[in-house]
Amino acid sequence: MAGKVKREKWSENFSEWYNELIETAGIQDKRYPVKGMNIWLPYGLKIMRNIERFIHSEMERTGHDEVLFPALIPETEFQKEAEHIAGFEGEVFWVTHAGHDPLDIRLILRPTSETAMYSMFSLWIRSHADLPFKVYQIVNTYRYETKHTRPLIRVREISRFFEAHTAHDSYEDAERQIKEDLEIFDNLAKFLAIPYIVSKRPEWDKFPGAYYSLGAEVMMPDGRTLQIGTMHNYKQNFAKAYNIQYETEEGEHEYVHQTTFGMSERLLAAVMAIHGDDNGLVLPPTIAPIQVVIVPIPKKDAEADVFAYAREIAEELRDAGIRVHVDERDIRPGRKYYDWEMKGVPVRIEVGPRDVKGKKAVIARRDTLTKEVVDREELVDAVRKTFDEIMENLYQRASEFLESHIKRVDTIEEAKDVFEDRRGIVEIPWCGEEECGLKMEEELDAKMLGTPYPEEKAKEGIEGKKCPVCGREAKFIARFARTY
Ligand SMILES: Nc1ncnc2c1ncn2[C@@H]1O[C@H](COS(=O)(=O)NC(=O)[C@@H](N)CS)[C@@H](O)[C@H]1O
Ligand SMILES: [Zn+2]
């Protein structure tokens with residue numbers, strides 16, 4: 001039966017929809033008395049842990065070792081790489097006292113861990129046999145964000161900050177690592193049913209200290225993009241600043257080449273935003289803490305024991321490795337539907353006396369709000385098939401939304417119309433000169449995400465096109481968007 005999915009509030013007033021859902025779905029509590037720092041509530045943390053479990057498995061699969069560095073970094077270590085300092089010194093939190101005593105060397109709370117890790121890399125990495133060196137951690141980091149903070153999206157304590165740091169014997173091997181990071185990211189995006197685009201950041205907006213930066217962006221319901229992952233190639237910039245050298249097979253000493261790969265709780269913000277609707281969250285079964293909620297529907301004077309039937313079904317699903325919960329609260333079924341739809345539980349199973357007698361069960365899908373009756377003995381397979389259908393549908397729906405928000409134009413005027421109408425991403429010819437790029441950012445009041453990655457994609461359809469600012473031959477397609 002056709003579902004009645006509504007997305008008015010989701011699309012017309014996304015900011016309010018999002019802020020309400022953070023609370024009503026039990027993700028985080030924003031009332032912590034430090035701006036930009038929020039409390040993870042049990043349900044939200046369970047979802048984030050399911051996302052991180054996948055990241056840990058990908059790190060295992062690709063030979064990254066997990067480490068755990070201190071959160072405090074001495075100013076002396078922080079001061080070693082010029083561009084990095086310039087990029088972060090206005091963003092770090094300082095620790096200046098211990099008890100009553102002022103510290104002789106001030107400490108910073110890590111904004112990211114290059115300056116914590118790299119003096120140790122210098123001690124740990126001695127020979128080509130130590131390379132490629134690949135570590136990662138998922139920790140809290142701190143950034144004094146001055147723009148509007150928003151739970152999960154722009155916070156001052158990034159409490160689930162994923163950072164992978166690698167060292168290599170050559171630029172080529174570092175490039176191989178970036179490709180592996182993109183593969184890991186793609187696996188994660190599929191796991192979350194989330195489509196995305198990758199852009200190579202313009203020179204003026206790369207990570208401080210990087211040779212180049214890649215950004216993975218998703219399309220949010222309000223037509224703005226959210227960067228949910230970054231990969232950076234550092235070449236030997238940090239190796240020279242932190243003296244990270246290795247002995248080659250010929251007995252020479254060379255500086256290592258390095259990369260980093262970063263993500264955060266923004267991944268959860270993206271899942272909430274992209275898949276949600278006016279009834280609340282819609283969680284992909286891959287990360288839902290409760291994949292199936294069973295709602296017994298007792299009818300007075302009907303002798304069938306719907307509770308026993310529900311528990312028996314739960315038992316069988318649990319044995320099949322499915323995360324299931326039976327809602328035995330003494331409240332109206334409709335109230336239960338409302339609660340579990342709000343929390344985005346992908347599948348609901350309803351069982352009344354008739355279902356017990358007929359050995360049936362009703363499967364209700366959260367993504368389409370449709371229902372179907374299945375035979376009791378086919379239930380486990382039907383639930384598994386429904387999970388696959390939900391993953392496919394969520395990805396399909398999100399892909400259509402993203403594609404419909406990317407527009408190729410030739411002029412600034414056309415680009416302005418796109419942003420007027422629905423925002424989204426504009427792709428426009430560009431000569432590659434910084435001043436033209438900055439001019440377009442100003443004219444469009446939008447950020448240049450960069451050029452499509454990989455390189456060949458950045459030149460698709462560029463023949464004969466002119467830069468709309470200077471009129472010179474366009475060398476790339478440039479992407480612009482309003483961003484979070
Ligand atoms: N204030 C913030 N709140 C939430 N997530 C953030 C915030 N700032 C950055 N992030 C996320 O953290 C990721 C990595 O941050 S970063 O600055 O781009 N890159 C680094 O710090 C590199 N050292 C790689 S770990 C970003 O892609 C973004 O998804
Ligand atoms: Zn130009």
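Select Ala193 first: it sits in the loop between α7 and β9 (197-200), where helices (H or I, at least four residues) and strands (E, at least two) are DSSP runs numbered from the N terminus. Ala193 has a positive phi of about 60 degrees, although it is not a glycine. Ala193 is also buried, at a relative accessible area of 1%; buried means under 20%, exposed over 50% and partly exposed in between, with a 1.4 Å probe and protein chains only.

Before moving on, some housekeeping. This is a predicted model, in which local features need pLDDT of at least 70 and side-chain atom pairs count only at pLDDT 80 or more, while totals for chains, interfaces and linings use all residues. Residues are numbered from 1 along each chain as its sequence is written, chains are lettered from A and ligands numbered from 1 in the order in which they are written, and side-chain values use heavy atoms, with hydrogens and water left out.

Now pick Leu152, in the loop between β7 and β8 (157-168). Leu152 is not a glycine either, yet its phi is positive, about 70 degrees. Is Leu152 buried or exposed? Leu152 is buried, at 1% relative accessibility. For context, most residues other than glycine have a negative phi, and most peptide bonds are trans.

Zoom to Leu131 and Pro132, which are joined by a cis peptide bond with omega about 0 degrees; Pro132 belongs to the loop between α6 and β7 (133-142). Then jump to Tyr453 and Pro454, whose peptide bond is cis with omega near 5 degrees. Pro454 is in the loop between β22 (447-452) and α16 (455-458).

Next, go to helix α6 (residues 114-124). 8 of its 11 residues are buried, so α6 is largely enclosed by the rest of the structure. Among the buried ones are Glu114, Met117, Tyr118 and Phe121.

How many residues surround ligand 1? There are 23 of them, and the closest are Thr112, Glu114, Arg143, Glu145 and Ser264; a residue counts as near if one of its heavy atoms lies within 4 Å. A side-chain N or O atom of Glu114 is 2.6 Å from a nitrogen atom of ligand 1, and a polar side-chain atom of Glu145 is 2.7 Å from a nitrogen atom of the ligand. Thr230 has a polar side-chain atom 3.0 Å from an oxygen atom of ligand 1. The protein covers 96% of the 590 Å² of accessible area that ligand 1 has on its own (Shrake-Rupley method, 1.4 Å probe; for residues, only the protein chains shown count as cover).

Last stop: the zinc ion (ligand 2). Show Cys431, Cys436, Cys467 and Cys470, whose SG atoms coordinate the zinc at 2.3 to 2.4 Å; donors are N, O and S atoms within 2.8 Å of the metal (3.2 Å for Na, K and Ca), and sites may look incomplete because water is not among the atoms. In sequence, these donor residues are spaced C-x4-C-x30-C-x2-C. Cys431 and Cys436 are both buried, and Cys467 is buried too, at 3% relative accessible area.

Key
Polar contact = N/O pair within 3.5 Å; in protein donor to acceptor, adjacent residues only side chain to side chain.
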